[in-house]
Amino acid sequence: MRRAVLILTPYLWLLALFLVPFIIVLKISLSDTALAIPPYTPTLDFAAGWQGFKDFLGALDLENFTFLSTDDLYWKAYLSSVRIALIATMLTLLVGYPIAYGMARAPEHWRATLMLLVILPFWTSFLIRVYSWMGILSGEGYLNQFLLWTGLISEPLTILNTPVAVYIGIVYTYLPFMILPIYAALERMDGSLLEAAEDLGCSRVTAFWLITIPLSKNGIIAGCFLVFIPTIGEFVIPSLLGGSQTLMIGKVLWEEFFNNRDWPVASAVAVILLLILIIPIILFQRNEQKQREADG
Amino acid sequence: MRRLTWFNVTSLTLGFAFLYLPMVLLIVYSFNESKLVTVWAGFSTKWYGTLLRNEAFLDAAWVTVQVAFVSSSIATVLGTMAAYVMVRGGRFLGRTLFSGMIYAPLVMPEVITGLSLLLLFIGIGLDRGILTIILAHTTFSMCYVSVVVSSRLVSFDRSLEEAALDLGCSPMQAFRLVTLPIIAPAVISGWLLAFTLSLDDLVIASFTAGPSATTLPIKIWSSIRLGVSPEINALSTILIAVVSVGVITASIITKRSALRQQAEERAAERL
């Protein structure tokens, strides 16, 4: 009895507030847009009984998905989200790896502090961290002021409201997610392997490629997924830093819903976004599983 | 091999400069006299004054704290239950679906979570306000709590619970007297994580908040859409200070309690 309560309380909560809402999204994505409140037809009419249910099923169609596939705004947004997420993930890896490496090689008594310094920004508001780059990258921002002062440029650069600003924003906000798993992998590595390689005549660089990189592979993979998966559906960064030039699907969904009030299309966008995410999520889960088995 | 080479020192210095410089600039320019945010015109704390007199911000901050407190507390209870069920619950009907529903919200894009909850609330005719934000935040943060707590449950020695049961404890007593004290640090970090996630959330709150309740991130969002403002710099500085003090205190406390636990374990081994 007690066990049933223990299982059912979180179970029912998640069913009601996670699964059911998702089924509603699926249902509305198959409905037609209407100028009403709520702005879609058909609505499931319980009072009409079996006939109502049949009418409801009969009126469902794939129209919104056909619309998504014919209007190239959506295709472009999906493709550009995936491309931006891929490039940003690579950049985050390039920036994060040396930091994780430096941390793992730092003296033992420094490491807890360095770790805290990496985690601290993660606890600070995401919105504020993105916002802080608006003042740096804008036309009269700190970066342009500095570059003009050094004489490196004579005209202010346009960075804010371009994809470059989006990349900077993503690398900045998701950096801890990349550093932590790589650091965990590097820290566990046995340093004597490198000494052995050097004794056997490997140069430092060769030893790095042949030993350090393969041994930190799991950390790299985990970090890349942790950056890639949330970046695809990102909304705040492209809206604040990307301007109208940057097309990302999270932003399209938001605008479709709040500005165009087209709920069925917004729901269809959500369904496809989720389908795109399923593959990386499954791969990520498998990688985690494999690592757990290797550890255990 | 624990040498600090010039490469490591450079990468650490540049890396941490990159992580912290934007926030330092934000803090420095929050004390700027000028309304033009990027032009320094002398030291002043006037933006803090304007901020504290701004009723709309104060109201939003109060709503945010209420939402975060209530949602993280419910999420901690539900998340701990879920973790216990996943790790100790054995087999039951629909276990795979259950574990899927716990992990899915962690990787679900916020826009989708927000949209789907909003459609649910409208579908059942629930007016959007504080209650709906609390329901939404509880749902995604209970999953984070459950991940944090279950990693602790997996690693701890089950024979302690069994010993308590053998010595005549009821399962409830064994949980209260043995399991809970051991997993307490994880439960507390779960609560803190849930609390911060709720304070921080813009996207899900935007979908689920109604005109009657605005949270601080929604308020910040609507004012920074138009560009950088000195008031928001002041607000950011306050938030950064609060979070830093909180995180550093928490890390000192966990470090102390870990040391104490180690000492106790060593003492127990000697017995």
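## A term to start with

Helices here are DSSP runs of H or I with at least four residues, numbered from the N terminus.

## How confident is the prediction?

Let's begin with the scores. The model has an ipTM of 0.87 and a pTM of 0.88. Chain A averages a pLDDT of 86, with 90% of the residues at 70 or above. For chain B the mean pLDDT is 88, and 98% of its residues reach 70 or more.

Within chain A, the lowest confidence falls in helix α2 (residues 49-59), where the mean is 64. The highest is found in α8(A), at 94.

## Where the two chains meet

On the interface, 64 residues of chain A are in contact with 59 residues of chain B. Helix α1 (residues 2-29) of chain A supplies the largest share of chain A's side, 16 residues. Sorted by class, that side has 50 nonpolar, 11 polar and three charged residues.

B:Ser11 sits in helix α1 (residues 6-29) of chain B. This serine is buried, because 20 other C-beta atoms lie within 10 Å and the cut-off for burial is 20 or more. Setting aside neighbours within four places in sequence, B:Ser11 is in contact with A:Pro98, A:Ile99, A:Tyr101 and A:Gly102. The second residue, B:Met81, belongs to helix α3 (residues 55-88) of chain B. With 23 C-beta neighbours inside 10 Å, B:Met81 is buried too. Leaving out residues up to four places away in sequence, B:Met81 touches A:Leu6, A:Thr9 and A:Pro10. B:Met81 also lies 7.8 Å from B:Ser146, C-alpha to C-alpha, although the two are 65 residues apart in sequence.

## Helices that cross

Two packed helices are described by the angle between their axes and the distance between the axes. In chain A, helix α3 (residues 63-70) packs on helix α14 (residues 263-295) at an angle of about 75°, with the axes 9 Å apart. The pair is therefore roughly perpendicular. On the α3(A) side the contact involves A:Asn64, A:Phe65, A:Phe67 and A:Leu68, and these meet A:Pro264, A:Val265, A:Ala268, A:Val269 and A:Ile272 of α14(A). By class, eight of the contact residues are nonpolar, one is polar and none is charged.

From α4(B), the contact draws on B:Ile102, B:Pro105 and B:Leu106. From α6(B) come B:Thr139, B:Phe140, B:Cys143, B:Tyr144, B:Ser146 and B:Val147. The classes here are seven nonpolar, two polar and no charged residues.

Helix α6 (residues 126-137) of chain A has 12 residues and spans 17 Å from its first C-alpha to its last, close to the 16 Å expected at 1.5 Å a residue. Of these 12 residues, 11 are buried, so α6(A) is largely enclosed by the rest of the structure. Among the buried residues are A:Arg129, A:Tyr131, A:Trp133 and A:Met134.

Helix α5 (residues 110-123) of chain B has 14 residues and reaches 20 Å, close to the 20 Å expected. This helix is mostly covered, with 12 of its 14 residues buried; they include B:Glu110, B:Thr113, B:Leu118 and B:Phe121. What do the buried residues of α5(B) pack against? Their partners come from both chains: α1, α13 and α14 of chain A, together with α4, α6 and α9 (203-208) of chain B.

## Positive phi angles

A few backbone angles deserve a look. With 13 other C-beta atoms within 10 Å, A:Arg261 is partly exposed. A:Asn161, in the loop between α7 (142-150) and α8 (163-188) of chain A, has a positive phi near 65° and is likewise not a glycine. A:Asn161 counts as partly exposed, with 19 C-beta neighbours inside 10 Å. In chain B, α5(B) is followed by B:Gly125, whose phi is positive, near 75°.

Technical notes: Residues are numbered from 1 along each chain as its sequence is written. Chains are lettered from A and ligands numbered from 1 in the order in which they are written. This is a predicted model: local features need pLDDT of at least 70, side-chain atom pairs count only at pLDDT 80 or more; totals for chains, interfaces and linings use all residues. Axes are lines fitted to C-alpha atoms, for helices over the stretch in contact, and angles run from 0 to 180 degrees between N-to-C directions. Helices (H or I, at least four residues) and strands (E, at least two) are DSSP runs, numbered from the N terminus. Angles under 35 degrees count as roughly parallel, over 145 as roughly antiparallel, 65 to 115 as roughly perpendicular and the rest as oblique. Two residues are in contact if their C-beta atoms, placed from the backbone, lie within 7 Å. Ala, Val, Leu, Ile, Met, Phe, Trp, Tyr, Cys and Pro count as nonpolar, Asp, Glu, Lys and Arg as charged, and the others, Gly among them, as polar. pLDDT is the predictor's confidence in each residue, from 0 to 100. The expected span of a helix is 1.5 Å times one less than its number of residues.
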